[in-house]
Amino acid sequence: MAKKYLDPKADLTFKKVFGEHPDLVISLLNALLPLKKGEEIETVEYLTPELVPENPLRKFSIVDVRCKDNRGRQFIVEMQMVWSREFEQRVMFNSAKAYVRQLNSKEEYHLIEPVYSLNIVNDIFEKDIPEYYHYYRMVHEKHSNKVIDGLHLVFVELPKFTPQTISEKKMQVLWLRYLTEIEERTREVPQELLENPDISKALTVVEESAFTDAQMLAYDKFWDIIRTERTFYNSAHRDGYKDGHEVGREAGLEEGRKEGREEGRKEGREEGRKEGREEGIKEGLEKEKQETIKRLKSKGFDIATIAVATGMSEEDVKHCL
C-alpha cells in the first residue's frame, strides 16, 4: 500500500520536521545559506519564538523556527505561505532584534555574532527577477566587496524553483524538491529523494499515519485559513491596483487635454468604458468579501478578529452578516 504524506510547508508539518529534529534543520540551513567552506553549522540548540503577529489570522501563514549554533550565530527559519508587503519589514525587524538582543549577555560589541534569516516563500514577489534565490546583506554602494557583517537575509521563492536535472543530488536542490514536490497527492517519491538520508527522514516525519486525528483537523484548518488569507490579500491588491490606476488615469486625461481636444475626447470615451468595467469589478470584490466574512464567522471567528483581518470596522462586519 502506497504511503500518504502531508504537505511539509504547513504549520504543523514544517515545525515537526525542522523544529523537532536538529539534524534536519542543520542540513536545510547548510544547504540554503551562503556559508563559506569551513563555516558550516555543526550543532544547534532551539530558541523559543518571541514575536507573534498581532493579526490572529496572519500567525497561521508565517511559521518560524529559531536556533543558534556552537559559535553563537543565530538562525531564523521562516515559511511564508502568502507574500505581503509587510513581510519584508517583519523579517528586518526580527533579524535586527535578534542581533541587538545579544548585548544582554555580551558587553562588548566585537563579541556579537551574525544573524541569518532564511525565508522560504510559497509565492512570487520579485516578478521582474527570474532567479528564485535572493541574498541581501549590507554592502558598500560603489564597492560591493566592502561588507559590514551582521545581518544576512535570504529569500527563496518556491514557485520559481525548477531543478536543472531531475536527478541532481545537490542538497539545496533536494530540499527544495522536498518542499515543492511532496504534498497530499504524492503517492510515489522519486528515488533520488529516498536515497538521501536527511530527505528520507524528513519524508518519514510527514507521513500521514504519524499524525493523530486532532492534528489532522488542525492541519486542515491551517489550509482553510491560508486560502482565506490569500483571498483577502489578492482582493486588497486588486483594490490597490484600481486606486493607483485611477490616479494614473487622471494624469493621463490631463496629458490628453494638453495634446489636443480630439485626442482628449477619444481618451474620455475609452475611460468611460474602463470605469464601467471597474465598477463591475468593485461590485464583485464586495460580494467576495461578504462571502468570506460569512465563512469566517461560520468557522468560529469573532467580529473583532474578522474586522482586523478585513480592515473593516466592526459595524461594517456586522452589517455584512
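1. Start with a term. A residue is buried when its relative accessible area is under 20%, exposed when that area is over 50%, and partly exposed in between. Cys-320 has a relative accessibility of 13%, so Cys-320 counts as buried. Keep in mind throughout that this is a predicted model.

2. How many disulfides does the structure hold? The number is zero.

3. Now the aromatic rings. The structure holds 13 aromatic pairs. One of them joins Trp-83 and Phe-155. Their ring centres lie 6.3 Å apart and their planes stand at 80°, so this pair is edge-to-face. The two partners come from distant parts of the chain, 72 residues apart. Trp-83 sits in the loop between β3 (74–80) and α4, while Phe-155 belongs to strand β6 (residues 147–157).

4. Phe-155 has another ring partner. Phe-87 and Phe-155 form an edge-to-face pair, with 6.4 Å from centre to centre and 80° between the planes. Phe-87 lies in helix α4 and Phe-155 in strand β6, so the pair ties together parts that are 68 residues apart in sequence. Both Phe-87 and Phe-155 are buried.

5. Next, the loop between α4 (85–100) and β4 (115–121). Tyr-109 is placed there. Tyr-109 is exposed, with a relative accessible area of 64%. Tyr-109 also belongs to a nonpolar patch on the surface, together with Val-100 and Leu-103. The accessible area of the three together is about 320 Å².

6. Glu-113 is in the loop between α4 and β4 too. Glu-113 counts as partly exposed, because its relative accessibility is 24%, which falls between the 20% and 50% limits. Where does the chain come back towards this residue? The C-alpha atoms of Glu-113 and Leu-151 are separated by 9.4 Å. Along the chain these two residues are 38 residues apart.

7. Turn to the start of the chain. Asp-7 is found in the segment before α1 (11–18). Asp-7 counts as buried, at 9% relative accessibility. What does Asp-7 touch, leaving aside residues up to four places away in sequence? The contacts are Thr-13, Ile-182, Glu-183, Glu-184, Tyr-219 and Trp-223.

8. Arg-185 is in the loop between α5 (171–181) and α6 (191–194). Is Arg-185 buried or exposed? Arg-185 is exposed, with a relative accessible area of 65%. Arg-185 and Tyr-5 are 180 residues apart in sequence. In space they are 7.6 Å apart, C-alpha to C-alpha.

Key
Residues numbered from 1 in each chain as written. Predicted model: local features only at pLDDT ≥ 70, side-chain atom pairs only at ≥ 80, totals over all residues. Heavy atoms only, no water. Patch = residues over 30% accessible without salt bridge, like charges linked within 9 Å, V, L, I, M, F, W, Y side chains within 5 Å. Areas by Shrake-Rupley, 256 points an atom, 1.4 Å probe, with all protein chains shown as cover. Salt bridge = Lys/Arg side-chain N within 4 Å of Asp/Glu carboxyl O. Helix = DSSP H or I, 4+ residues; strand = E, 2+ residues; numbered from the N terminus. Buried < 20%, exposed > 50% of the residue type's maximum accessible area, 1.4 Å probe, protein only. Contact = heavy atoms within 4.5 Å. Disulfide = S-S within 2.5 Å. Phe/Tyr/Trp six-rings, centres within 6.5 Å; stacked < 30°, edge-to-face > 60°.
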